[in-house]
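Student: I have a model open and want to learn how to read it. Where do I begin?

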Amino acid sequence: MSTSAVLFLLLAVFAAGASAATFNIKNNCGSTIWPAGIPMGGGFELGSGQTSSINVPAGTQAGRIWARTGCSFNGGSGSCQTGDCGGQLSCSLSGQPPATLAEFTIGGGSTQDFYDISVIDGFNLAMDFSCSTGDALQCRDPSCPPPQAYQHPNDVATHACSGNNNYQITFCP
């Protein structure tokens, strides 16, 4: 086999293993929420009963998704009662407390992903968060205990699943 064929094969294997993880976000709340996430940026309106998906690249470290509530936007700026991120529709920084957080690190190839729920920065909405090959986490109120959610930084509440899996986040389950 030629050197160029081996290089092409290695690049193809790497590209296949470095795919994005899909996060399906469902709003079961009785009102509109505005999910946001970093570091991939973004924020959007999600009506009651609606579902939307976002793709997060392999290798994303220290990512988080949360729901903002009580928002009013005019174009790309406005404000939210909870989880506001500097008055921007498309967040580039973390939301202000209180905000229930879905936190994750997306591996690459055959490595593991890690995920958790955190209420260290406060609680604004109940959340279910699961990986297609891992544990289903549930946080229904501000006192959700480990291993379901982080209450304090020293808690043990991180879960693992196969790398680059699909995730489901449900607000107000």
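Tutor: We go from the overall fold to the cores, then to one strand. Keep in mind that this is a predicted model.

Student: What helices and strands does the protein chain hold?

Tutor: Count the elements, then read their order. The chain has 1 helix and 12 strands.

Student: How much of the chain is buried?

Tutor: Of the 173 residues, 41% are buried. The accessible surface is about 8300 Å², with 54% of it on carbon and sulfur atoms.

Student: Why look for a nonpolar core?

Tutor: In soluble globular proteins, nonpolar side chains tend to be buried together. Here the largest nonpolar core has 27 residues. F23, Y115, F129, Y167, I169 and F171 have the most contacts inside it. Strands that each supply at least two of its residues include β1 (21-27), β8 (112-118) and β12 (167-171). Another core, of 7 residues, lies apart from it; A36, I38, A99 and L101 are among them.

Student: What does F129 touch?

Tutor: Leave out residues up to four places away in sequence. F129 then touches F23, Y115, Y167 and I169, among others.

Student: Why is β7 largely enclosed by the rest of the structure?

Tutor: Check burial per strand. In β7, 4 of the 5 residues are buried, so the rest of the structure largely encloses it.

Student: Which strands pair with β7?

Tutor: β4 runs antiparallel to β7, joined by 3 bridges. R64 stands opposite E103 there. β7 and β8 are also antiparallel, over 5 bridges. In that pairing, F104 faces Y115 as its opposite residue.

Key: Residues are numbered from 1 along each chain as its sequence is written. This is a predicted model: local features need pLDDT of at least 70, side-chain atom pairs count only at pLDDT 80 or more; totals for chains, interfaces and linings use all residues. Side-chain values use heavy atoms; hydrogens and water are left out. A nonpolar core is a set of buried Ala, Val, Leu, Ile, Met, Phe, Trp, Tyr and Cys residues joined through side-chain atoms within 4.5 Å. Buried means under 20% relative accessible area, exposed over 50%, partly exposed in between (1.4 Å probe, protein chains only). Contact means heavy atoms within 4.5 Å. Accessible areas come from the Shrake-Rupley method with a 1.4 Å probe; for residues, only the protein chains shown count as cover. Two strands pair if DSSP finds at least two bridges between them.
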